[in-house]
Amino acid sequence: MKSTMYQVERTPRRYLPDSAGQYRVPSCKGNFVIKRTNKLGKKADVSHMESENMEEVEKIFKQLFSVTEGEKLLKACQCYLSSTAGPIAGLLFISSQKVAFCSDTSIKIAAPNGELVRVHYKVPTPLEKIKGLNESENMEKPSQKYMEIVTVDDFEFCFMGFLNYQKGFKYLQQAIISKRL
């Protein structure tokens, strides 16, 4: 595995041990490219949407996440969030204030009363809470790339399977850097 670190502050690479106590470096397995179809049945790529479609995506972003006055959606990318249960398909929103992921489908969680409820998996991260951005690729399959966001409290979020990885990474990197200036 080859990895490049883009950061505002140095972040250590940490991996949790598996059940045998061995540390394993995550790798992208399989083809994680999300294929979507729009209403016309054509492949859709929200990272290349025209301005009128981007307005729809911005409305969705505002409905899903609390948005501050003056916050602007910069980019929305289809991707997967890596989790212990496996990859979760969804949208990664990059705004002038935050990076936010929302799953395409809902997941079941236990409510305080014990009932199972279905909710979308959402991960909002303010840009000022991001201290590092790792860019990595699978050495055996260099086309399989992923990026990892490291927060100031050392949480790590790994995203993969972008339709256009380079553009997604560039927008994320620019958003983090511009928030620091």
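Which residues form one aromatic cluster?

1. Phe 61, Phe 65 and Phe 93 make up that cluster. The model is a predicted one, and the structure contains six aromatic pairs. In the pair of Phe 65 and Phe 93, the ring centres are 6.0 Å apart and the planes stand at 65°, so the arrangement is edge-to-face.

2. This pair links parts of the chain that are 28 residues apart in sequence, because Phe 65 belongs to the loop between helix H1 (51-64) and strand S2 (73-81), while Phe 93 belongs to strand S3 (residues 88-95).

3. Both partners fall below the 20% cut-off for burial. Phe 65 has 6% relative accessibility and therefore counts as buried; Phe 93, at 0%, is also buried. Phe 65 has a charged neighbour as well: the charged end of Lys 122 sits over the Phe 65 ring, 5.5 Å from the ring centre.

4. Another edge-to-face aromatic pair is that of Phe 162 and Tyr 165, with 5.9 Å from centre to centre and 75° between the planes. Phe 162 and Tyr 165 are each buried.

5. Tyr 165 is also among the buried residues of H2, together with Gly 168, Phe 169, Leu 172, Ala 175 and Ile 176. These residues lie on the same side of H2, because they cover an arc of only 130° around the axis.

Key: Residues are numbered from 1 along each chain as its sequence is written. This is a predicted model: local features need pLDDT of at least 70, side-chain atom pairs count only at pLDDT 80 or more; totals for chains, interfaces and linings use all residues. Side-chain values use heavy atoms; hydrogens and water are left out. Buried means under 20% relative accessible area, exposed over 50%, partly exposed in between (1.4 Å probe, protein chains only). Helices (H or I, at least four residues) and strands (E, at least two) are DSSP runs, numbered from the N terminus. The arc is that of the directions from the helix axis to the C-beta atoms. Rings of Phe, Tyr and Trp (its six-membered ring) pair if their centres lie within 6.5 Å; planes under 30 degrees apart count as stacked, over 60 as edge-to-face and the rest as tilted. A charge sits over a ring if NZ of Lys or CZ of Arg is within 6 Å of the ring centre and within 35 degrees of the ring normal.
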